[in-house]
Amino acid sequence: MLQDERTMLHLVIAGDKAAYEQLYKNYLGRVYAISLRLLANQAKAEEAVQETFIKVWQQLPRFRGDSQFATWLHRIAVSTAIDIWRQDKVARLIDETGVELTEITQQEQEQHQLDKLILRLPHQARAVFVLFAVEGYQHQEIASLLNIAEGSSKAQYHRARQLLQEWLNAKQ
């Protein structure tokens with residue numbers, strides 16, 4: 001952990017609101033990105049971001065520094081998004097309003113297209129794909145997080161890959 005980050009964390013724990021605001025600004029993008037990928041809905045992703053940072057505020061005094069702060073925060077963000085994902089059992093409609101794009105590179109444009117395709121995936125297949133392919137979780141961990149069988153996680157991942165491949169081939 002960087003010295004500046006350690007200092008900022010101590011200030012946040014001591015109740016320094018400016019330090020907390022800086023911490024929030026530093027990690028907002030990461031937390032929002034994982035939340036949006038898992039939830040495929042801007043409003044739900046924003047809710048997950050708020051919940052994540054509330055949990056960080058509440059749990060930060062218990063952060064021991066055994067891992068990087070970013071790793072600890074990421075775990076809270078994933079857990080929070082999954083909690084919201086579990087609560088929302090109704091089929092989701094994809095919010096097509098999207099984020100406005102301005103002057104982006106070819107790589108960013110390709111990533112944006114892939115993100116849009118990921119958002120089209122069925123509910124559970126999307127969650128498994130994001131956790132496995134994007135976030136690096138193993139199927140056993142995913143099964144535990146989503147309360148599904150490990151075989152279901154593998155099957156959902158396979159399904160997601162097939163759908164993405166079909167959609168990518170159709171665009172060419």
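The model is a predicted one, in which local features need pLDDT of at least 70 and side-chain atom pairs count only at pLDDT 80 or more, while totals for chains, interfaces and linings use all residues. Residues are numbered from 1 along each chain as its sequence is written, and side-chain values use heavy atoms, with hydrogens and water left out.

The chain as a whole holds 8 helices and 0 strands, and along the sequence its pattern reads α-α-α-α-α-α-α-α. Of its 172 residues, 37% are buried, where buried means under 20% relative accessible area, exposed means over 50% and partly exposed lies in between, with a 1.4 Å probe and protein chains only. Among contacts between residues at least 6 apart in sequence, 65% join residues at least 24 apart, a contact being heavy atoms within 4.5 Å.

Returning to H8, its buried residues are Ser153, Gln156, Tyr157, Ala160, Leu163, Leu164 and Trp167. Seen down the axis of H8, these buried residues fall within an arc of 130 degrees, so they line one face of the helix; the arc is that of the directions from the helix axis to the C-beta atoms. Ser153, which lies in H8, has a relative accessible area of 0% and is therefore buried. Leaving aside residues up to four places away in sequence, Ser153 touches Val128, His139, Ile142 and Ile148. Leu168 also lies in H8, but with a relative accessible area of 34% Leu168 is partly exposed. The C-alpha atom of Leu168 is separated by 8.4 Å from that of Leu117, although these two residues are 51 residues apart along the chain.

The next step is to see how H8 meets another helix. Two packed helices are described by the angle between their axes and the distance between the axes. Helix H6 (residues 123-134) packs with H8 at an angle of about 95 degrees, and their axes are 8 Å apart, which makes H6 roughly perpendicular to H8. Axes are lines fitted to C-alpha atoms, for helices over the stretch in contact, and angles run from 0 to 180 degrees between N-to-C directions; angles under 35 degrees count as roughly parallel, over 145 as roughly antiparallel, 65 to 115 as roughly perpendicular and the rest as oblique. From H6, Gln124, Ala125, Val128, Phe129, Phe132 and Ala133 meet Ser153, Gln156, Tyr157, Ala160, Arg161 and Leu164 from H8. By class, the residues of this contact of H6 with H8 are 8 nonpolar, 3 polar and 1 charged, where Ala, Val, Leu, Ile, Met, Phe, Trp, Tyr, Cys and Pro count as nonpolar, Asp, Glu, Lys and Arg as charged, and the others, Gly among them, as polar.

Helix H7 can be read in a similar way. The residues His139, Ile142, Ala143, Leu145 and Leu146 are buried in H7, and they cover an arc of only 165 degrees around the axis, which puts them on the same side of H7. On the other side of H7, Gln140 and Ser144 are exposed. The buried residues of H7 pack against H4, H6 and H8.

The axes of helix H4 (residues 69-87) and helix H7 (residues 139-146) come within 10 Å and cross at roughly 50 degrees, and H4 and H7 are therefore oblique to each other. Here Arg75, Ile82, Trp85 and Arg86 in H4 meet Ser144, Leu145 and Leu146 in H7, and the contact of H4 with H7 has 4 nonpolar, 1 polar and 2 charged residues.

Asn147 follows H7 and has a positive phi, near 55 degrees; Asn147 is found in the loop between H7 and H8, and at 58% relative accessibility Asn147 counts as exposed. Ala40, placed in the loop between helix H2 (17-39) and helix H3 (42-59), likewise has a phi near 55 degrees, a positive value in a residue other than glycine, but at 4% relative accessibility Ala40 counts as buried.

Conventions:
Helix = DSSP H or I, 4+ residues; strand = E, 2+ residues; numbered from the N terminus.
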